Amino acid sequence: MINGIINVYKEKGYTSFDVVAKLRGILKTKKIGHTGTLDPDAEGVLPVCLGKATKVCDLLTDKDKEYEAVMLLGIVTDTQDVSGAVLEQKEVKVTEAEVQNAIMSFIGEYMQMPPMYSALKVNGKKLCDLARAGVTVERAARPVRILDITILSVELPRVRMRVACSKGTYIRTLCQDIGEKLGCGACMESLLRTRVAQFEVEDALRLSEIEALVTKEADGLPKEEWTSEQFSFLQTTDSVFLQYKKAIVKKEFDKLLYNGNRIRPEMFVAYDSDWEKDSVRVYDEKERFVGIYKFQTDRKDYKPLKVFI
């Protein structure tokens, strides 16, 4: 089994599920998952996890993200983007200064209503499926955080902006909310996800590029002989946790380590009391990544939070 994370560039027209399905075929593996849905018309960074790395899918989904979006003022649609049916159309009379002030007022935390055209579920049913059936249900507004907005260009009725935000933020809803504040309405014209955690759009690979690399780097070997190390596009599982200190467990405690037991300070090769302040990346003496551990003050030992071996 190959394990690791691929920084995929999701192209327009593909769903996130499409990307996973195609990679299953390219990489001949079933254990694979993506880290956060992108709409079919959106493009950009979509980290995909393979093998044991699928355990970090939820962690990456929770990370902050960054987008570049084009907001189109004067048009309101049922999907909150230009692909939807136009519900309202107004003349755009606002000034550039008014637009900038309205946009900047959304920096910080605000209550955002999830759109009907989304993958969120209510009573076990996806909102988008209900919306396509003509059903609208009540949704509770949720707190989201807009960490930063940079206005890249203003050519009214269009505004191009870069948005850094918390998980669960809908950029098309943000566009509609800005338009509502301006009184002229708005929808999202285009969306590019430029970053998820440390995964940047400049390093993302398209499916065709990944397929070409697999053909080249597998070098004709049968799938059973493939290893994670031979593929240049695979990032290691522990690359997601480089913010934590590295801790190595002595070889004589391998059995305890591999069985997911707690680790006492004296079991580490070189112990540092600073590790007690945060989680640590734990490895065996062969430098194999085992998991993330957290110091427990009451028991004076380290509890496994996430084990990957």
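A: Rings of Phe, Tyr and Trp (its six-membered ring) pair if their centres lie within 6.5 Å, and planes under 30 degrees apart count as stacked, over 60 as edge-to-face and the rest as tilted. By this rule the count here comes to 14 aromatic pairs. The model is a predicted one, in which local features need pLDDT of at least 70 and side-chain atom pairs count only at pLDDT 80 or more, while totals for chains, interfaces and linings use all residues. Residues are numbered from 1 along each chain as its sequence is written, and side-chain values use heavy atoms, with hydrogens and water left out.

Q: Why is tyrosine 271 called partly exposed, and why is tyrosine 302 called buried?
A: Tyrosine 271 has a relative accessible area of 30%, and is therefore partly exposed, whereas tyrosine 302 has a value of 0% and is therefore buried.

Q: How do you know that S16 and S17 pair?
A: Two strands pair if DSSP finds at least two bridges between them, and strand S16 (residues 289-296) and strand S17 (residues 301-307) have six, in the antiparallel sense. Within this pairing, lysine 294 stands opposite lysine 303 in S17.

Q: What makes lysine 300 stand out in the loop between S16 and S17?
A: Most residues other than glycine have a negative phi, and most peptide bonds are trans. Lysine 300, however, has a positive phi near 60 degrees, and the hairpin to which it belongs has four residues between the strands. Because its relative accessibility is 52%, lysine 300 counts as exposed.

Q: Where else is a positive phi found in a residue that is not a glycine?
A: Lysine 28 has a positive phi of about 50 degrees, and this residue lies in the loop between H1 and S2. With 48% relative accessibility, lysine 28 is therefore counted as partly exposed.

Q: Which peptide bond is cis, and what is its omega?
A: The bond joining leucine 156 and proline 157 is cis, with omega about 15 degrees. Proline 157 is placed in the loop between strand S10 (142-155) and strand S11 (158-165).

Q: Why is threonine 29 called buried?
A: Its relative accessibility is 12%, and therefore threonine 29 counts as buried. This threonine 29 is in the loop between helix H1 (16-27) and strand S2 (32-34). Leaving aside neighbours within four places in sequence, threonine 29 is in contact (heavy atoms within 4.5 Å) with Arg24 and Leu50.

Q: What makes strand S1 mostly covered?
A: Seven of the seven residues of S1 (residues 4-10) are buried. In a regular strand the side chains alternate between the two faces of the sheet. In S1 both faces are covered, with Gly4, Ile6, Val8 and Lys10 on one side and Ile5, Asn7 and Tyr9 on the other. S1 also pairs with strand S3 (residues 43-50) in the antiparallel sense over seven bridges, and glycine 4 stands opposite leucine 50 in S3.

Q: How many helices and strands are there in the protein chain, and what share of its residues counts as buried?
A: The protein chain has seven helices and 17 strands, and 46% of its 309 residues count as buried.

Notes
Helix = DSSP H or I, 4+ residues; strand = E, 2+ residues; numbered from the N terminus. Buried < 20%, exposed > 50% of the residue type's maximum accessible area, 1.4 Å probe, protein only.
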